[in-house]
Amino acid sequence: MIPDIRDLRSRAQSSFFEIFEELAEGGIATDKDARIVWINAKYQKFLGIPANRNLVGLPISEVIPRSLIPRVLDTGHPILLDLMEYSDRRCIVSRFPLFDDDRRIIGAFGFVLYDNLNEIMPLMNKVRKLSTALSRAESSLRNGGRSARYSVSQFIGTTPGALEVKRQARAAALSSLPVVITGETGTGKEILAQAIHAASDRAGGNFVAVNVAAIPEALLEVEFFGAAPGAYTGLGKQGRIGKMQLANGGTLLLDEVADMPAAIQSKLLRALQEREIEPLGGNAVVKVDVRLISATSRDLESLVQSGQFRADLSYRLNAYPIRIPPLRERLADIAALAEHILEEIVLRDGLSSISIGAAAINLLQGHDWPGNVRELRNMIERLVLEGGGKDIEAATVRDLLPRQSKAAAGRRGDTLAGGTALLPRMAEAVAALESDLMRAAMVQAGGDRTRAAELLQMPRSTFYAKAREYSI
Ligand SMILES: Nc1ncnc2c1ncn2[C@@H]1O[C@H](COP(=O)(O)OP(=O)(O)OP(=O)(O)O)[C@@H](O)[C@H]1O
Ligand SMILES: [Mg+2]
């Protein structure tokens, strides 16, 4: 027999209520004037109110100052899902209006669902991440999207080497002297440059970076100094503002400064001496006040000695040298860096927290990290992927850590000789060959990227991009 539909509905309503009350960490109901008519013991305990205190009849706002129940009563709309943090506990709160048979609001009830809420952690993380991103975007909008994203405290590390770098960065921030940051690829030169800017009294100005190696030589002049309207075909009425001018009052990062072509070196030197620039194709000069930070993974001094870099420019740029030691000289920083990177990944991807144990860290400290922190970051990304977002196991680290490159090369040879079953994918094989050739060219060119690119007949900017990809 089919049960009476009204009967079914009222049974559904009461069991719905019971289930909620059972699942919830607390439940509360009010009349239409937001006075408490019912509150269960669990909720009273959750709120830290002694069980013997009778709350019935009190306005809800006296008990829960920021309650949204009054809003539900005003609008007649439920708030089905609200994420709240009470001290360090994360909860889902749902609030519903109550109607009489004529759809008049007679009250409201609310439930606080609290679990250890592993399931909603990703959601909470996403919310937190979005609100951080939002406030960062807002502050960056206020100065045209060119603010620095890092502060000195975000340069992670507590080894003497790392602490010395941070000390020097803070000291450099006290003046506007030009700084040269040297360090192997992936040691954090760019984030340190941003940190110096952010700690200096130019923080309100722009932080602008030019990657000297990544931009084709023919375009570098305009990139630096800009171009007057009509300077070349295709340029709009406004002309083009150069990076020097964009950085006026702020900081300009000359990234990969050692790769600066000779013609640009002389123009830059002149601009620094005169404190003014001359956009291409114009006859007006523009005054600029720019703090220069240069970054390089090569030894500027030896380039000066071999005549590849102008000595006078190098003196001007290098008032305050900072050397970031490679990761293998501060292996003890790996634990803190790994934690930090994991936290970033968890926030970015909205995962539940992931931990990494001492055994795994130990293994990571056994590698020599030619690609430094960037390589470590890539490794952690892969570990997270491989482990499916679970805590990182030492065994996974052992599997993913690169073997000796000789062994890898051997394996490649074997597979090529030994039939098709173990053949690497085409893209991997090509990349392996390409990076081997590029390394060889770098050795032959004595570390000069421009020369190495020429040896391989590759465009300089392509060479640069690939060198970065392969951590050369
Ligand atoms: N001390 C550090 N703390 C936190 N993150 C770091 C640190 N050092 C490097 N990183 C991270 O490593 C990556 C590489 O850093 P960055 O781009 O600043 O290196 P770089 O020295 O400029 O490298 P390259 O010479 O290849 O341009 C970035 O993801 C950066 O956030
Ligand atoms: Mg860099």
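Predicted model: local features only at pLDDT ≥ 70, side-chain atom pairs only at ≥ 80, totals over all residues.
Q: Let's start with the open sheet of 5 strands. What's the strand order?
A: The order is E7-E8-E11-E6-E12, and the pairing is parallel.

Q: Which strands stand at the edges?
A: Those are E7 (207-211) and E12 (320-323). Each has a single partner strand, so one side of each has no neighbour in the sheet.

Q: And how much are neighbouring strands turned against each other?
A: On average by 20 degrees, ignoring direction.

Q: OK, what packs on the sheet?
A: Helix H6 (residues 160-172) does, touching strand E6 (179-182) and E12. The direction of H6 makes about 155 degrees with that of E12. Helix H7 (residues 189-199) packs on the sheet too, with contacts to E6, E7, E8 and E11. Between the directions of H7 and E11 the angle is about 165 degrees.

Q: Let me zoom in on E8. Is that strand buried or exposed?
A: Buried: 5 of the 5 residues of E8 are, so the strand is largely enclosed by the rest of the structure.

Q: Which way do the E8 residues point?
A: Thr251, Leu253 and Asp255 point one way, while Leu252 and Leu254 point the other way.

Q: How many bridges join E8 to E11?
A: There are 5 bridges, between residues 251-255 of E8 and residues 291-296 of E11, and the two strands run parallel. Within that pairing, Leu253 has Ile293 of E11 as its bridge partner. E8 also pairs with E7 in the parallel sense, over 5 bridges, and there Phe207 stands opposite Thr251.

Q: Switching topic: which residues come nearest to ligand 1?
A: Of the 19 residues around ligand 1, the nearest are Ile156, Gly188, Lys189, Glu190 and Val373. Elements giving two or more residues to this shell are H7, helix H13 (334-349) and helix H15 (372-386).

Q: What's the shell like by class?
A: It has 6 nonpolar, 8 polar and 5 charged residues. At least three residues come from each of domain 2 (152-325) and domain 3 (342-402).

Q: Why does Thr158 count as partly exposed?
A: Because 13 other C-beta atoms lie within 10 Å of Thr158, and partly exposed falls between 12 or fewer for exposed and 20 or more for buried.

Q: What does Thr158 touch?
A: Leaving out residues up to four places away in sequence, Thr158 touches Leu163, Asp333 and Ala336. Thr158 and Arg330 are 172 residues apart in sequence, yet 9.0 Å apart in space, C-alpha to C-alpha.

Terms used:
Residues numbered from 1 in each chain as written. Chains lettered and ligands numbered in written order. Pairing = 2+ DSSP bridges. Helix = DSSP H or I, 4+ residues; strand = E, 2+ residues; numbered from the N terminus. Axes fitted to C-alpha atoms, helices over the stretch in contact; angles between N-to-C directions. Contact = placed C-beta atoms within 7 Å. Near = placed C-beta within 6 Å. Nonpolar A, V, L, I, M, F, W, Y, C, P; charged D, E, K, R; others polar. Domains from an automatic or database assignment.
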